[in-house]
Amino acid sequence: MQITLGGLVMKNPVAVASGTFGSGREYARLWEEGSTSQEPTPLSVLGALTTKGVSLEPWSGARGVRIAETASGMLNSIGLQNPGVEAFCVGDLAWLATQDLPVIVNVCGRSASEYAQLISRLETEEAVAGYEINISCPNVDCGGMAFGTSASAAAEITALCRAATRRPLIVKLSPNVTDITEIARAAEAAGADALSMINTVAGMAVDAKTRSRVFDRGVAGLSGPAIKPIALYAVSRVYKAVAVPLLGMGGIRTVVDAVEFLLAGATAIAVGTASFTDPLAAPQLVNGLASWCRDEGVHTIGELTGALS
Ligand SMILES: Cc1cc2nc3c(=O)[nH]c(=O)nc-3n(C[C@H](O)[C@H](O)[C@H](O)COP(=O)(O)O)c2cc1C
């Protein structure tokens with residue numbers, strides 16, 4: 001079940017998606033309480049844990065409604081609320097360091113230099129196995145346009161982050177672009193070790209009664225089963241466009257969902273929104289994937305990557 005994702009060794013290909021798993025503490029407790037066997041499931045069954053987005057300074061997040069349910073998914077506008085890197089290191093990372101699994105820190109910022117400064121700060125922390133760069137944040141130096149929607153901005157931010165670390169650097173792509181392969185190639189050329197995809201799909205919700213937008217910002221991010229076909233298509237196109245490995249996500253809940261992403265070209269996968277409906281979705285996937293491989297005569301999980309006929 002072991003795979004390597006851009007230099008990051010994972011004992012199995014199952015990670016959890018940023019922002020849907022906090023820093024793991026609450027889930028660790030739920031896994032303990034929800035375990036039916038005598039041995040509680042430790043977080044270390046995961047191939048890797050991706051933290052919620054962390055920024056240099058504390059961010060207070062979005063005002064008003066932050067989540068809304070949709071048919072087959074959910075919309076969120078959390079606004080990347082987080083306590084900032086110093087509080088993260090003391091409160092979350094120190095605890096994660098005791099959990100015996102690779103920790104990928106998801107980094108966000110308002111300017112390219114903020115990302116690089118944040119990584120430089122995290123370089124002093126031994127518990128960090130790698131970074132996932134969320135390039136869907138608005139770039140204040142560029143009129144608030146998301147870094148991830150322009151190949152040149154994606155390349156610039158990747159290059160600055162690359163210069164700040166030798167640890168595995170995963171660039172997380174947004175699906176809200178005209179051609180995701182163009183951004184993928186730009187990130188690869190600028191030094192990304194791996195790409196993760198997809199971030200949430202832009203959407204909105206309207207309250208008919210009050211004739212108003214549900215989310216203060218108007219736009220929100222759609223996730224869950226509704227976006228799986230979009231994510232699969234993105235993974236399959238990017239797999240053909242770049243040589244670096246891919247971390248696939250978007251609506252993954254079952255073993256078959258995960259296998260579909262691997263076949264489309266992912267080397268590893270992440271469980272996101274599914275953890276909200278079933279907090280044990282990720283560890284069940286770890287076990288289920290191993291059984292599936294045994295039943296199907298798959299000797300190493302890597303055989304499945306890109307193996308679409
Ligand atoms: C509530 C929520 C918060 C999220 N926060 C982040 C974040 O901080 N950074 C990030 O890169 N992606 C964030 N995401 C996106 C997820 O990591 C993932 O890319 C997306 O939800 C698609 O996967 P899913 O359909 O399995 O949830 C968030 C998603 C949700 C639902």
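Me: How far is an oxygen atom of the ligand from a polar backbone atom of Gly224?

Reply: This is a predicted model: local features need pLDDT of at least 70, side-chain atom pairs count only at pLDDT 80 or more, and totals for chains, interfaces and linings use all residues. Residues are numbered from 1 along each chain as its sequence is written; side-chain values use heavy atoms, leaving out hydrogens and water. A polar contact here is a pair of N or O atoms within 3.5 Å. For Gly224, the distance to the ligand oxygen is 2.8 Å.

Me: Which residue has a backbone N or O atom 3.2 Å from an oxygen atom of the ligand?

Reply: Gly272 has a polar backbone atom 3.3 Å from a ligand oxygen. The 3.2 Å distance belongs to a backbone N or O atom of Gly53.

Me: What percentage of the ligand's exposed area does the protein bury?

Reply: Accessible areas come from the Shrake-Rupley method with a 1.4 Å probe. Taken alone, the ligand exposes 610 Å². The protein buries 95%.

Me: How many residues in the shell around the ligand are charged?

Reply: The ligand is surrounded by 22 residues (a heavy atom within 4 Å). Ser18, Lys172, Gly224, Gly251 and Thr273 are the closest. Ala, Val, Leu, Ile, Met, Phe, Trp, Tyr, Cys and Pro count as nonpolar, Asp, Glu, Lys and Arg as charged, and the others, Gly among them, as polar. The shell has 6 nonpolar and 15 polar residues, and the charged count is 1.

Me: Are helix 7 and helix 9 roughly parallel or roughly perpendicular?

Reply: Helices are DSSP runs (H or I, at least four residues), strands likewise (E, at least two), numbered from the N terminus. Axes are lines fitted to C-alpha atoms, for helices over the stretch in contact, with angles from 0 to 180 degrees between N-to-C directions. The axes of helix 7 (residues 255-264) and helix 9 (residues 281-296) come within 9 Å and cross at roughly 70 degrees. Under 35 degrees counts as roughly parallel, over 145 as roughly antiparallel, 65 to 115 as roughly perpendicular and the rest as oblique, so this pair is roughly perpendicular.

Me: Is the crossing of helix 7 and helix 9 left-handed or right-handed?

Reply: A crossing is left-handed if the near helix is turned anticlockwise from the far one by less than a right angle, and right-handed if clockwise. Helix 7 and helix 9 cross in a way that is right-handed.

Me: Where is Ile198 found?

Reply: The peptide bond from Met197 to Ile198 is cis, with omega near 5 degrees. Ile198 sits in the loop between strand 12 (194-197) and strand 13 (201-203).

Note on methods: A polar contact is a pair of N or O atoms within 3.5 Å; within protein, one must be able to donate a hydrogen and the other to accept it, and residues adjacent in sequence count only if both atoms are side-chain atoms.
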